[in-house]
Amino acid sequence: MAESLTAAMTILRQNKLKITKQRHALLEFLLTNQAHYTDVVTVNAYMRTEFPGMSHNTVYRNLKEFEEVGIVEQNTEQERTRVKYQCDFHHQHHHHFICQNCGKVIELQMCPMDFFTAQLPDCKITGHSFELYGICGTCQAAGVKETTLVKN
């Protein structure tokens, strides 16, 4: 965890963002929860508990800045914005498998864009989002089945 925190601090410095105690605490919270996406509302509640005078805008602005410099990944599902600590600073473009039961995130090692680009020879693709959803091996071993999941 210390190595990841140091890497994030380096990225902040390189982008001329001050390392405040609030940003440090935010990074530590995200690192502690890096195996899952965390709802932004939950992040905000945690930060405001730790720093009661901190505004909602400050929390959201810091998360946005972290995303812009590549420290945080953002995901929106059913109109809920969620964030997680960057999986891999060396390969920022990647995709995920997300367990619908426990929320565990597994980084995928390939991008399927070549498959789609070949099917669209006259088109210019300007962006994409690709995630797989299902049940992770741990949850399957515990007996979780897709039919038992609660849909949000």
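This is a dialogue about a predicted model, in which labels are checked against their criteria.

Student: Why is asparagine 44 called buried?

Tutor: Its relative accessibility is 7%, and buried means under 20%. Asparagine 44 therefore counts as buried. The residue lies in helix α3, residues 40-50.

Student: What makes the pair of asparagine 44 and histidine 56 a polar contact?

Tutor: The two side chains make a contact at 2.6 Å, and the limit for a pair of N or O atoms is 3.5 Å. The value is within the limit, so the pair qualifies.

Student: Which residues does asparagine 44 touch, not counting residues up to four places away in sequence?

Tutor: Asparagine 44 touches His56, Val59 and Tyr60.

Student: How do you know that the buried residues of α3 are on the same side?

Tutor: The buried residues are Val40, Val43, Asn44 and Met47. They cover an arc of only 100 degrees around the axis, which puts them on the same side of α3. The face turned away from that buried side carries the exposed residues Val41 and Thr49.

Student: What do the buried residues of α3 pack against?

Tutor: They pack against α2, β1 (38-39), α4 and β3.

Student: What makes aspartate 39 a cap of α3?

Tutor: A side-chain oxygen of aspartate 39 lies 2.8 Å from the backbone nitrogen of valine 41. The cut-off for a polar contact is 3.5 Å, and 2.8 Å is within it. The capped end of α3 is the N-terminal one.

Student: Threonine 38 is in strand β1. Why is threonine 38 called buried?

Tutor: Threonine 38 has a relative accessibility of 10%. Buried means under 20%, so threonine 38 counts as buried. Leaving aside neighbours within four places in sequence, threonine 38 is in contact with Phe29, Asn33, Val43, Thr81, Arg82 and Val83.

Student: What makes a set of residues a nonpolar core, and how many residues has the largest one here?

Tutor: The members must be buried residues of the nonpolar kinds, joined through side-chain atoms within 4.5 Å. The largest such core has 25 residues. Those with the most contacts inside it are Leu27, Leu30, Val43, Met47, Leu63, Phe66 and Ile71. Two or more residues each come from α1 (2-14), α2 (21-32), α3, α4 (56-68) and β3 (80-85). The largest share, six residues, comes from α2.

Student: Which residues is phenylalanine 66 in contact with, leaving aside its neighbours within four places in sequence?

Tutor: Phenylalanine 66 is in contact with Leu12, Arg23, Leu26, Leu27, Leu30, Ile71 and Val72. There is also a second, separate core of six residues, including Ile135, Cys136, Cys139 and Val144.

Student: Why do β5 and β6 count as edges of their sheet?

Tutor: The sheet is open, with three strands in the order β5-β4-β6. Strands β5 (105-108) and β6 (131-134) each have a single partner strand, so one side of each is left without a neighbour in the sheet. From one strand to the next, the twist averages 20 degrees.

Student: How do you know that β4 pairs with β5 and with β6?

Tutor: At least two bridges are needed for pairing. Strand β4 (residues 95-99) has four bridges with β5, in the antiparallel sense. Four bridges also join β4 to β6, and these two run parallel. Both pairs therefore meet the criterion, and the pairing in the sheet is mixed. In β5, isoleucine 106 is the bridge partner of phenylalanine 97; in β6, tyrosine 133 is that of isoleucine 98.

Student: What makes β4 mostly covered?

Tutor: Five of its five residues are buried. His95, Phe97 and Cys99 are on one side, and His96 and Ile98 on the other.

Student: Why is glutamate 131 called partly exposed?

Tutor: Its relative accessibility is 23%. Glutamate 131 is found in strand β6. Leaving aside neighbours within four places in sequence, glutamate 131 is in contact with Tyr37, Asn75, His96 and Ile98. The C-alpha atoms of glutamate 131 and phenylalanine 97 are separated by 5.8 Å, with the two residues 34 residues apart along the chain.

Methods: Residues are numbered from 1 along each chain as its sequence is written. This is a predicted model: local features need pLDDT of at least 70, side-chain atom pairs count only at pLDDT 80 or more; totals for chains, interfaces and linings use all residues. Side-chain values use heavy atoms; hydrogens and water are left out. Buried means under 20% relative accessible area, exposed over 50%, partly exposed in between (1.4 Å probe, protein chains only). A polar contact is a pair of N or O atoms within 3.5 Å; within protein, one must be able to donate a hydrogen and the other to accept it, and residues adjacent in sequence count only if both atoms are side-chain atoms. Contact means heavy atoms within 4.5 Å. The arc is that of the directions from the helix axis to the C-beta atoms. Axes are lines fitted to C-alpha atoms, for helices over the stretch in contact, and angles run from 0 to 180 degrees between N-to-C directions.
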